[in-house]
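Thank you all for coming.

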Amino acid sequence: MFERIINSAGLADIYQKVLAGVRLTADDGLKLYGTANLPALGYLANIVRERLHGQSAFFVRNQHINYTNICNKGCLFCSFYALPKDVDGYVLSPEQVQEKVRAYSHIPVTEIHMVGGVNPKLPFSYYLDLIKAIKEARPDVSLKAFTMIELEQIRRVAKKPMDETLLDLKNAGIDAIPGGGAEVFSERVHEELFQAKSDSDKWLETARTAHQVGLPSNATMLYGHVEQTEEKVYHYVKLRELQDETQGFLAFIPLSWHPEKTAISELPGPTGQMDLREVAVARLMLDNVPHIKSFWIMNSPAVTQVALWYGADDMDGSVLEYEITRDPETDRMQSLTHAQMLDMIAEAGRQPVERDALYRVIESPIPSIPHYMDTACDSIEPALA
Ligand code: V47
């Protein structure tokens, strides 16, 4: 039956390629974006997703920390930053970051994800002290910190080449690099929305250097603002080329843009349709990137549950506090407990697998118990937090 649907969606040739494991072209990418038949697209993405990960859906007990919101880049899509002279700008000291880590010592967090603005006032020693403070408070945690954009600033204040800067950060305790700051690899969008930031070539070059010194990273793409389809396909092709070269990307995260409180808030922002389409196209185009994450904070837990059937195999994690996009009701406090993550994945009909920042499996706790088959989810462990 699905073959008939795929044929009528005009995706028969891509279906054959997916079955044979043949790489999709940029034209195929355009076709995937162009189809009105979202379930057919999801079906194709799910073939690849299940080939790679079976029923597993990954989550992590993590803590997101934003050490400063001061940023001199002024990106129009962003509501998080304060300009260096703004009164609501902040910088957390290494001690304050350590307090934040200790505040959650009752939760077995295995990953800390730490990013911030590009703050020109911070010296290189500050970044090293931050890392040390975190590792002192939680020696076993994997630390994923500093986007490629922040790394350029850190290199500037370190007054060293990028590879040496990265090695210093790695020796201090960084384990991986998060995927932020890539936005959309388009000179047009760069000019329009984030011209003070460096361009895609620089982002890719920093990622290449990170991978070469043994720091794996994630990659992102921010969509749903002014970008065009061709630009998104180009973004995927460029990421895929770098991955062929380095194999350093662990996961790709399509970031659903939130317009609220940004300088371009008059734009409507993405819909659930677009969120699912982006996850599916990412899974199909990025054939060499192991994981596709549906970040539940930006995609919502509800869309993320569906995304686990549209190509995503990961939902990020507990998060705890998040500032880049704020929840209208809970503000920066945005978290899921261990039990909620298990429940969310099991109800979606997938097998929860707890992982760390490097996708090493910690535990695959329970067989999946879809609610529609067994509503008694008491067998899922109670919340740890
Ligand atoms: O770089 C900024 C984006 C990124 C908005 O690597 C916005 O595991 C939506 O990269 N609406 C930071 N997005 C987040 C990020 C990330 C998140 C989760 C996991 C990982 C990972 C990485 O958020 C920024 C920017 O591209 N962003 N403003 C906004 N209004």
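This is a predicted model: local features need pLDDT of at least 70, side-chain atom pairs count only at pLDDT 80 or more; totals for chains, interfaces and linings use all residues.

Residues are numbered from 1 along each chain as its sequence is written, and side-chain values use heavy atoms, with hydrogens and water left out.

Helices, here, are DSSP runs of H or I with at least four residues, and strands are runs of E with at least two, both numbered from the N terminus. The buried residues of α3, which spans residues 26-34, are Asp 28, Gly 29, Leu 32 and Tyr 33. They cover an arc of only 140° around the axis, so they sit on the same side of α3; the arc is taken from the directions from the helix axis to the C-beta atoms. Among the elements that cover these buried residues are α2 (12-20), α4 (38-53) and β5 (217-223), with contact meaning heavy atoms within 4.5 Å.

Now to the charged pairs. How many salt bridges does the structure hold? There are 25, a salt bridge being a side-chain nitrogen of Lys or Arg within 4 Å of a carboxyl oxygen of Asp or Glu.

One of them joins the side chains of Lys 293 and Asp 316, at 2.7 Å from N to O. Because Lys 293 lies in the loop between β7 (291-292) and α13 (296-299), and Asp 316 in strand β8 (residues 314-317), the pair ties together parts that are 23 residues apart in sequence. Lys 293 is buried, at 3% relative accessibility, and Asp 316 is buried too, at 2%.

Arg 326 takes part in a salt bridge with Glu 323, whose closest N and O atoms are 3.4 Å apart, and in another with Asp 331, at 2.9 Å. Glu 323 is buried at 7%, whereas Arg 326 is partly exposed at 35%, and Asp 331 is partly exposed at 36%.

Finally, Glu 111, Lys 144, Asp 314 and Arg 355 are linked in a network of salt bridges.

How values were computed:
Buried means under 20% relative accessible area, exposed over 50%, partly exposed in between (1.4 Å probe, protein chains only).
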